[in-house]
Amino acid sequence: MKALATAALGFALFAAALAPPAAVAQERRNITVDDLFELENVGSPVVSPEGDWVAYTVSRTSLEDERSYTRVYMAPVAGGDPVPLTRDKQSAGSPAWSPDGRYLTFTAARDGDPTQVWALDRRGGEAFPLTDVEQGVGGYRWSPDGTRLLLTIRDAEEDDEDAKPNAPQDPWVIDRIQFKRDGAGYLTGSRMTHLYVYKIDARELQQLTTGRWNESLGVWSPDGTQIAFVSNRTEDPDLNANNDIWVVSADLEEPTDSPRQVTTNPGSDGSPQWSPDGRWIAYSTGIRPDLIWYATTHLAVVSADGGEPRLLTTDLDRNVRSPRFSPDGEWIWFGLEDSSENHIARIRPDGSDLERPVSGGLSASGFDRRGGTFAALVNHLDRPGEIYAVEHFDDGEASLRRITGHNDDFLAAVNIAETHNIQFPSEGGIEVEGFVTFPPDYEEGRAYPTILRIHGGPVSQYSHSFQFESQLFAAHGYVVVRTNPRGSSGYGQDFSAALWADWGNPDFKDVMAGIDYAIEQGWTDPDRLGVGGWSYGGILTNYVITQTDRFEGAITGASEVLYIANYGHDHYQRQWEAELGLPWEGDNRDNWERISPFNKVHEVTTPTLIMGGEDDWNVPILNSEQLYQALRRRGVPTQLVVYPGQSHGIRVPSYQKDRYERYLAWYDRWVMNANRPVS
């Protein structure tokens with residue numbers, strides 16, 4: 001039977017067996033740049049109420065159409081072929097099941113209209129919109145009884161009735177501290193995002209919150225009478241990250257600007273989840289706001305009425321995310337970042353009996369549990385993320401059974417380079433973790449040209465996940481070294497905070513120790529080294545090339561180099577001020593200048609390719625232009641590549657292809673063929 005190609009066939013064929021493609025023996029080939037557009041990115045698993053299906057999203061980038069698409073699928077938990085529920089080349093997201101399992105809902109913007117909540121009836125028929133909100137819907141959640149939807153809606157724009165035809169755009173009038181944001185532009189006006197309840201049968205929309213604050217998508221209490229949500233309701237939210245948990249009645253006749261405050265922590269609280277009896281709220285919390293992004297995020301529980309919270313994971317000193325109570329309330333499940341792995345862990349509400357049923361050499365992200373089924377999105381070094389059933393989870397020794405295989409055909413056609421997890425010493429005896437990816441035809445005892453690739457952040461990490469970039473470089477004949485230097489997440493607060501106001505010092509030592517380790521193991525040719533990264537990866541690359549001439553070629557993408565030039569220009573003013581201080585006060589200017597790679601640009605001899613987006617307000621192209629100008633003026637081989645209309649992330653598919661092709665061309669010119677006789 002033919003697979004569902006559109007929602008028009010509805011759910012009538014849920015149980016239909018879809019014939020798999022005939023297995024054809026084929027010779028494997030090495031990965032190429034174009035394979036970026038063959039990968040399918042799986043995400044957002046949600047289990048049906050009865051536990052026999054899991055819905056999820058699949059995203060794919062089309063080079064031909066110059067855009068990405070996301071479709072909603074579902075797959076039988078017991079095994080079998082997935083069923084596409086939304087149309088090809090018509091994006092949808094945020095799948096959810098109605099509590100009775102009758103509907104599967106998703107968000108989509110159809111025919112140029114704003115995003116609405118759409119529904120597919122399990123009994124058959126085409127998808128239809130559940131909501132009709134003029135300015136569109138941000139997010140939604142079903143009420144426990146299935147009669148209402150909780151919505152986030154941004155205030156509508158005011159119409160200018162006096163606007164003249166073909167009139168120029170109005171000027172941006174700005175009076176906020178946080179006045180710009182990458183991807184959003186200048187932040188003007190007072191359009192806020194508020195909570196609404198939509199009564200499905202009556203098609204009535206009731207606003208719950210109002211005021212000059214934004215609210216996150218909340219969560220229903222088990223009895224459907226209250227909503228817990230996150231909001232920064234301080235006097236000036238631009239000056240801090242003080243998000244708190246608040247509760248509002250779900251049955252208000254008039255919106256309120258005074259919900260009940262549950263948490264009072266000056267740090268950022270988030271991800272609230274009710275206990276099954278409605279008495280408690282589990283949430284994530286940051287208790288060191290002074291450390292900005294270097295601080296560890298902990299798990300906490302607080303009474304739904306407020307009061308002193310119970311911190312559960314401070315001794316663990318690892319980042320947590322997405323807490324969920326078990327149906328019986330005996331456990332809190334959560335995501336746990338530890339070293340280069342992402343586990344699914346659980347702990348008792350009193351903080352005892354920490355267990356990690358899903359752990360070991362993997363990266364588990366989204367998860368959901370209903371009807372006796374536990375499903376999770378799991379990524380491995382040699383396989384992109386897929387949906388897995390977590391089995392025997394109540395015994396504390398879970399096993400994984402793969403449900404989906406969207407990338408199986410791709411993986412069967414290409415050579416997957418082997419990646420090793422490594423640990424090595426850095427200066428002062430610090431242990432650093434990383435990964436080395438080898439060419440598919442790697443020969444033991446042969447030293448290969450090697451690329452040191454540096455992750456963004458800086459508070460981020462390379463994990464046990466499939467990474468296309470490393471596979472591409474390895475397929476091209478390079479050993480690829482990736483490290484998690486000080487500043488990275490996953491190793492505790494002190495490890496991250498070691499980078500505080502000291503960029504380019506401990507992390508430089510750690511990434512260089514990774515290269516030295518690869519040389520000592522005999523994997524790496526010390527005379528053919530390349531380095532590069534994007535965002536903070538580009539920033540640390542700038543530190544590398546100003547402190548050593550060991551690299552034959554470098555690529556710095558979306559990077560910073562002269563930090564004082566960013567003050568008032570990028571969107572990190574609060575973070576800059578916290579870490580380096582106001583540049584005109586006291587000796588603070590010395591902090592800004594001390595860590596600016598631009599002040600050592602006269603030391604650079606490495607041929608360097610410089611790249612970025614024209615409209616990047618995260619790390620403005622201004623920095624790349626300054627670095628390019630300095631290197632060009634000094635006669636260092638360099639080139640500046642600016643992608644038109646792009647912000648911090650390069651979204652246009654042909655630009656993505658162009659970037660990888662330029663990566664390979666630059667490394668081949670300066671690294672692969674370095675110190676080799678010309679024939």
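A nonpolar core is a set of buried Ala, Val, Leu, Ile, Met, Phe, Trp, Tyr and Cys residues joined through side-chain atoms within 4.5 Å, where buried means under 20% relative accessible area, with a 1.4 Å probe and protein chains only. The model shown here is predicted, so local features need pLDDT of at least 70 and side-chain atom pairs pLDDT 80 or more, while totals for chains, interfaces and linings use all residues. Residues are numbered from 1 along each chain as its sequence is written, and side-chain values use heavy atoms, leaving out hydrogens and water.

View 1. Look for Leu452: leaving aside residues up to four places away in sequence, Leu452 touches Val481, Val511, Ile515, Gly530, Val531, Gly532 and Phe551, a contact being heavy atoms within 4.5 Å.

**View 2. Helix 4 meets helix 5.** Helix 4 (residues 506–520) and helix 5 (residues 536–547) pack at an angle of about 80 degrees, their axes 10 Å apart. Axes are lines fitted to C-alpha atoms, for helices over the stretch in contact, and angles run from 0 to 180 degrees between N-to-C directions. The two helices are therefore roughly perpendicular, a term for angles of 65 to 115 degrees. Helix 4 brings Asp507, Phe508 and Val511 to the contact, and helix 5 brings Tyr536, Leu540, Val544 and Gln547.

View 3. Strand 31 pairs with strand 32 (residues 431–437) in the antiparallel sense over seven bridges. Here, glutamine 423 has glutamate 433 in strand 32 as its bridge partner.

**View 4. Phenylalanine 466 in its loop.** This residue sits between strand 33 (448–454) and helix 2 (468–475). Is phenylalanine 466 buried or exposed? Phenylalanine 466 is buried, with a relative accessible area of 12%. Aspartate 382 is 84 residues away from phenylalanine 466 in sequence, but 5.5 Å away in space, C-alpha to C-alpha.

Note on methods
Helix = DSSP H or I, 4+ residues; strand = E, 2+ residues; numbered from the N terminus. Parallel < 35°, antiparallel > 145°, perpendicular 65-115°, else oblique. Buried < 20%, exposed > 50% of the residue type's maximum accessible area, 1.4 Å probe, protein only. Pairing = 2+ DSSP bridges.
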